[in-house]
Amino acid sequence: MTTLPFPPVRIGQGYDVHAFGPGDHIMLGGVRVAHTAGVLAHSDGDVILHALCDAMLGALALGDIGQHFPPSDDRWKDADSSDFLIHCDVLLRSRGWRVGNTDITVICERPKVGPHAAAMRERIAELLQLPLDAVSIKATTSEKLGFTGREEGIAAQAIVLLVAA
């Protein structure tokens, strides 16, 4: 029996959710977005970057964001999730991989993501040293169903393709 070489790509998916709480903004994709609430989180609670980190880590079976940045560790209190994403990118690159592209969906009724999507794409592309067309940000509602529909929180899912560096 012949063993085929492992394909030079990996796929990962990530999901994150945070409840809304006191505040006047949320962080989405590394961008400060004005809102009638903040999020309840140990770090800055950026669901986009958290889901993206989990997708990147998962593609290489490196655990999840909670293992790398546990909420029980005060070092990560109010931390900028951009630092988490950079850490994950360094881990990938040190193992011979890089992000080829990512497709991210935000699930919420509010805030409206569309007006901020271009800035989010630009920030993520900058952080991961990617061309802009390798980063997709889109949004959907849950048609007033569930916790996002009742505007109790926000969720994001990310898919990432890793390619051999």
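Modeller: Lysine 77 has a relative accessibility of 44% and is therefore partly exposed (buried means under 20% relative accessible area, exposed over 50%, partly exposed in between, with a 1.4 Å probe and protein chains only). The model is predicted, so local features need pLDDT of at least 70 and side-chain atom pairs pLDDT 80 or more, while totals for chains, interfaces and linings use all residues. Residues are numbered from 1 along each chain as its sequence is written, and side-chain values use heavy atoms, without hydrogens and water.

The partner of lysine 77 in a salt bridge is aspartate 78, with 4.0 Å between the closest N and O atoms (the criterion is a side-chain nitrogen of Lys or Arg within 4 Å of a carboxyl oxygen of Asp or Glu). Aspartate 78 counts as exposed, because its relative accessibility is 54%. By this rule there are nine salt bridges.

Another one joins aspartate 89 to arginine 93, at 3.0 Å from N to O. Both residues belong to helix 3 and are four residues apart, about one turn of the helix (helices, H or I of at least four residues, and strands, E of at least two, are DSSP runs numbered from the N terminus). Aspartate 89 is buried at 4% relative accessibility, whereas arginine 93 is partly exposed at 35%.

Lysine 138 and aspartate 103 form a further salt bridge, at 2.5 Å from N to O. This pair links distant parts of the chain, with lysine 138 in strand 6 and aspartate 103 in strand 5, 35 residues apart. Lysine 138 is partly exposed, at 36% relative accessible area, and aspartate 103 is partly exposed at 30%.
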